[in-house]
Amino acid sequence: MSAAPLAHIVVEPIDEAQIRAAVDAADCGALVMFHGIVRDHDGGRGVNALDYRAHPDAERFIADCVASESERTGLRLAAVHRIGSLAIGDAALVAAAAAPHRAEAFAAIERLVERIKQEVPIWKRQHFGDGASEWVGL
């Protein structure tokens, strides 16, 4: 396992190849990647775009999630969350887990993504087709 897992908050589009490379290893027979993509609807309403904002310490929180899950599982993990204005189809979160076997990788990625959603102080503002907007996660 690498010394420091990859975990960042970025403004630019997420470099998916960098995330894969951060966890890829010859002893891993499974590499699972999660892509959280901006969709065009929520709660039955059309969504045009999202704005993500983060607390100044958000990168420390995401790094803590990745490091503690990596330590707990012994697996190679990485995660990057994007902030700023995102369009439909953009990746907001990309995370990866590499393990000797697929079951471990799938379980690790699910737990990591749930922790990030629960613990990292990032909020999104949804812009709806009718011109209204709302903050989520405040």
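Me: Which residues have the most contacts inside the largest nonpolar core?
Reply: Tyr52, Ile62, Leu77, Ala79, Leu112, Ile116 and Val120 do, in a core of 31 residues. A nonpolar core here is a set of buried Ala, Val, Leu, Ile, Met, Phe, Trp, Tyr and Cys residues joined through side-chain atoms within 4.5 Å. Buried means under 20% relative accessible area, exposed over 50%, partly exposed in between (1.4 Å probe, protein chains only).

Me: What sort of model is it, and how are residues numbered?
Reply: It's a predicted model, with local features needing pLDDT of at least 70, side-chain atom pairs counting only at pLDDT 80 or more, and totals for chains, interfaces and linings using all residues. Numbering runs from 1 along each chain as its sequence is written, and side-chain values use heavy atoms, leaving out hydrogens and water.

Me: What does Ile62 touch?
Reply: Leaving out neighbours within four places in sequence, Ile62 is in contact (heavy atoms within 4.5 Å) with Ala7, His8, Ile9, Ala79, His81, Ile116 and Val120.

Me: Switching to Arg115. Buried or exposed?
Reply: Arg115 counts as buried, because its relative accessibility is 19%. This arginine lies in helix H3. Beyond four places in sequence, Arg115 has contacts with Cys65, Ser68, Glu69 and Val120.

Me: How about Ala49, where is that?
Reply: Ala49 is in strand S4. Its C-alpha is separated by 5.3 Å from that of His127, 78 residues apart along the chain. Not counting residues up to four places away, Ala49 touches Leu86, Ile88, Arg125, Gln126 and His127.

Me: Zooming out, how many helices and strands in the protein?
Reply: Three helices and nine strands, running β-α-β-β-β-α-β-β-β-α-β-β from the N terminus.

Me: What box do the C-alpha atoms fill?
Reply: Roughly 50 × 25 × 25 Å, along the principal axes.

Me: How many of the contacts join residues at least 24 apart?
Reply: 74% of those between residues at least 6 apart in sequence. As for burial, 40% of the 138 residues are buried.

Note on methods. Helices (H or I, at least four residues) and strands (E, at least two) are DSSP runs, numbered from the N terminus.
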